[in-house]
Amino acid sequence: MAFSLRIGIRTTDSKRCLVLVVLVMLLTVLACLPPSVEGNFPVGKFRRCNNNKGICVSREQCLNGQINTVGHMQIEPRLLNDDDIDECDVYGMQCCNLPSTNVPADSDEEEQEEEEKEKKGGTVTTTTTEEPDDPDWSRQCGQRTDVTERADQDGETNRFEFPWSVALFSKAQFFGKVRKEFLCGGTLIDDYLVLTAARCVNQKDRNTLVVQLGRWDLDAGKESRMQEIAVEELIIHRGYVLSSHRHNVALLVLANGAQLGRAANRVCLPDHSVQFGPDTLCYVVGWSNSPSPNTSNRQLKLRSMVAPVQECTATIRRSTGAWDFRLLSENICTTYLDDTVPCERAPGSGFVCESPTLPGQYFLVGIASYAVRQCHKYRAHDVFVHVPDYIEWVDGHVVNQSRQTSFYRPDPISFD
């Protein structure tokens with residue numbers, strides 16, 4: 001009887017062990033299964049929002065209203081208040097749309113053509129039915145192109161009006177499709193060189209970066225006379241400091257030279273001998289990292305002037321509460337001349353002023369470094385790198401690239 005009881009106990013224990021083993025195996029299998037994925041972004045652990053079209057993430061993970069898949073601006077300071085809490089109902093979180101997987105039907109062939117040309121070291125240029133470039137067009141730096149274009153919003157540029165403005169993108173592949181994310185603005189100073197902000201390319205893989213010239217509407221597909229060129233080398237100022245934006249300047253060396261013309265021209269660079277008066281009319285030109293809803297992200301020109309240092313410092317202190325803030329000596333601020341000012345332009349965008357002695361010729365005076373105003377939330381001046389303070393640095397690297405510094409000076413000595 002005792003023997004039979006022991007066998008029954010052992011049998012029961014064996015069954016329990018078998019059940020435990022099966023449960024452990026099931027849990028292991030479930031743990032190894034991949035999370036729910038949409039647009040190559042894991043969504044299983046996030047709360048859904050916006051009628052299941054988005055998920056709740058930290059604000060640093062949301063760029064231009066969509067999940068930040070390229071890591072740009074992940075370490076940006078945010079000034080939040082109660083109004084910034086949306087349906088996610090958590091401070092510092094926001095509802096962000098999932099990456100779109102929709103690709104135009106004819107884009108596959110275009111992407112394959114682009115990739116083939118990039119492998120061969122070519123420049124991607126779109127075809128156009130427009131008239132060819134004017135044979136009398138001057139190849140001087142800083143010359144604008146006047147092309148009449150219907151403006152749907154205040155401050156829109158004419159197409160090719162500022163032909164040195166460059167859009168910088170980061171490329172990534174999702175499910176075999178190439179996705180481009182707009183990062184920053186930039187300015188062409190030589191057919192092989194683009195000047196931008198260091199924060200735009202700091203710790204970036206150059207193999208993922210491309211610049212586009214001749215762009216106007218970033219929401220459009222291919223645009224007439226657009227050129228897309230890969231970045232071959234990144235030259236970031238050795239003194240760049242991420243936290244303070246000190247020496248926030250970088251040069252992009254292009255894999256191929258831009259085809260210069262009315263749609264793509266280089267700007268002039270000023271040294272300290274070029275003086276701009278306090279009433280000189282200038283423009284901040286570029287696109288936005290935070291375009292307004294239901295509005296095309298077209299290139300805008302914001303009429304502006306250099307703001308007094310004391311005024312700039314005071315507005316930033318009031319907006320941020322950082323009462324010990326001091327404007328760096330190599331920085332300047334802009335004040336806008338229109339009553340209604342759209343959102344700040346993307347980092348790297350150009351601040352250009354007309355030559356005081358050569359009408360119609362423009363100089364790059366500043367590079368957009370950072371802004372604290374967040375569109376209309378705070379009344380604060382935008383901060384720019386003062387380009388004349390970096391002419392020697394630029395010239396040195398241009399010479400190292402076997403290029404001519406005269407190419408971005410008025411009346412160049414020679415060019416190809």
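Which cysteine does a disulfide join to Cys343? The partner is Cys375, at an S to S distance of 1.9 Å, where a disulfide is taken to be a pair of cysteine sulfur atoms within 2.5 Å. The model is a predicted one, so local features need pLDDT of at least 70 and side-chain atom pairs count only at pLDDT 80 or more, while totals for chains, interfaces and linings use all residues. Residues are numbered from 1 along each chain as its sequence is written, and side-chain values use heavy atoms, with hydrogens and water left out.

Back to that link: the torsion about the S-S bond of Cys343 and Cys375 comes out at about 105°, which makes the disulfide right-handed. Cys343 sits in the loop between strand S17 (331-336) and S18, and Cys375 in the loop between strand S19 (362-370) and strand S20 (382-386), so the pair ties together parts 32 residues apart in sequence. Helices (H or I, at least four residues) and strands (E, at least two) are DSSP runs here, numbered from the N terminus. Cys343 and Cys375 are each buried, meaning under 20% relative accessible area, as against exposed at over 50% and partly exposed in between (1.4 Å probe, protein chains only).

The structure holds five disulfides, and two others deserve a look. One of them joins Cys184 to Cys200, with 2.1 Å from S to S. Its torsion about the S-S bond is about -95°, so this disulfide is left-handed. Cys184 belongs to strand S10 (residues 177-190) and Cys200 to helix H3 (residues 198-201), so parts 16 residues apart in sequence are tied together by the pair. As for burial, Cys184 has a relative accessible area of 0% and is therefore buried; Cys200 counts as buried too, at 0% relative accessibility.

Then there is the disulfide of Cys282 and Cys353, whose sulfur atoms lie 2.0 Å apart. The link is right-handed, with 105° about the S-S bond. Distant parts of the chain are connected by this pair: Cys282 is in strand S15 (residues 282-286) and Cys353 in strand S18 (residues 350-354), 71 residues apart. Cys282 and Cys353 are both buried.

Ser165 is found in strand S9 (residues 165-174) and is buried, its relative accessible area being 7%. Setting aside neighbours within four places in sequence, Ser165 is in contact with Gly186, Gln212, Val285, Trp287 and Gln299, contact being heavy atoms within 4.5 Å.
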